[in-house]
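Here are my notes on the model you asked me to look through. Have the coordinates open while you read.

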Amino acid sequence: MKDGTMSSSLIRKFALAVAGATLVLLTGCAQVKLAEPSASIDNIQLAKSSGLAPVAVGAFVPAAGLPKSVDQSVSIRSNTFFSPYDSSFSKYLQQTLSVELKGAGLLESTSKTVIGGQLTKSTVEAGASQGAASLGARFNVSRDGNTVYEKELVENDNWPSSFVGAVAIPDAVNHYTALYRRLVARLFKDEAFRAAVKP
């Protein structure tokens, strides 16, 4: 009888823990650090095939006039997500670019060609039926201190969203973080950028 009571007690505790975790996702009590970006095969191949010379990655900062809160976090159904790099999405983009270039063997800290940028946009929403996200940055390339490229690039995404928070929230996070890789890919494909960083 004791064992049965014990088992029932453990089952109740487990059920409460699961319910609590679900409640966190549904009610917006969570504050979550995003995973660090990793190099993608597509972007590595794109960088290698584009004729880019080895480059250095400089500072990425919020654009002038961008609210500080936009750089620091995003909210998805009242859950707060932030960058693992000083809670800065500008630095998250900087790191995404760095790991992609490093994966392609094109990151060189001593290069005289330096890529920098300013975060101009960072939004994500997970509605009851539709999700949307947008990410933008003004990239610049300098060589020997002279600007040879400057352009704002933007990536947008839309997807069917679930009414259930436990499904919709992680799905929205995946779509949002994928925009960083897509924005880097857009940069690598930009003809003016390629011309600016050719050997």
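1. S3 and strand S4 (residues 79-82) pair in the antiparallel sense over three bridges, and Val74 sits opposite Phe81 in S4. (Axes are lines fitted to C-alpha atoms, for helices over the stretch in contact, with angles from 0 to 180 degrees between N-to-C directions; contact means heavy atoms within 4.5 Å.)

2. A word on ground rules. This is a predicted model, where local features need pLDDT of at least 70 and side-chain atom pairs count only at pLDDT 80 or more, while totals for chains, interfaces and linings use all residues. Residues are numbered from 1 along each chain as its sequence is written, and side-chain values use heavy atoms, with hydrogens and water left out.

3. Stepping back to the whole chain, there are six helices and seven strands, running α-β-α-β-α-β-β-α-β-β-β-α-α from the N terminus on. Of the 199 residues, 43% are buried (under 20% relative accessible area with a 1.4 Å probe, protein chains only; over 50% is exposed, and in between is partly exposed). Take the contacts between residues at least 6 apart in sequence: 73% of them join residues at least 24 apart.

4. The other sheet to look at is open too, with four strands in the order S2-S5-S6-S7 and mixed pairing. Strand S2 (56-62) and strand S7 (146-160) stand at the edges with a single partner strand each, so one side of each has no neighbour in the sheet. The twist averages 20 degrees from one strand to the next. S2 and S5 run parallel, joined by five bridges, with Phe60 opposite Gly117 in S5. Helix H4 packs on the sheet, touching S2, S5 and strand S6 (130-143), and its direction makes about 160 degrees with that of S2. H5 packs on this sheet as well, touching S5, S6 and S7, at about 150 degrees to the direction of S7.

5. Now follow S6 into S7. The two strands pair in the antiparallel sense over 14 bridges, and Ala137 stands opposite Leu153 in S7. Their hairpin has two residues between the strands, and Asp144 takes a positive phi near 55 degrees there.

6. Which residues have the most contacts inside the largest nonpolar core? They are Leu97, Leu101, Ile115, Phe139, Phe188 and Phe193, in a core of 47 residues. Helix H5 (residues 165-189) gives the most to this core, with twelve residues. (Such a core is a set of buried Ala, Val, Leu, Ile, Met, Phe, Trp, Tyr and Cys residues joined through side-chain atoms within 4.5 Å.) Leaving aside neighbours within four places in sequence, Leu101 touches Leu52, Val55, Val57, Leu106, Leu107, Ile115 and Phe188.

7. The aromatics deserve a look. A search of the whole structure turns up eight aromatic pairs (ring centres of Phe, Tyr or Trp, the last by its six-membered ring, within 6.5 Å; planes under 30 degrees apart are stacked, over 60 edge-to-face, the rest tilted). Tyr92 and Tyr180 form an edge-to-face pair, 4.8 Å centre to centre with 75 degrees between the planes. That pair links distant parts of the chain, with Tyr92 in helix H4 and Tyr180 in helix H5, 88 residues apart.

8. Last, please check Ser111, in the loop between helix H4 (89-103) and strand S5 (113-126). Is Ser111 buried or exposed? Its relative accessibility is 13%, so Ser111 counts as buried. A polar atom of the Ser111 side chain lies 3.1 Å from the backbone nitrogen of Thr113. Setting aside neighbours within four places in sequence, Ser111 is in contact with Pro54, Val55 and Ala56.

Technical notes. A polar contact is a pair of N or O atoms within 3.5 Å; within protein, one must be able to donate a hydrogen and the other to accept it, and residues adjacent in sequence count only if both atoms are side-chain atoms. Two strands pair if DSSP finds at least two bridges between them.
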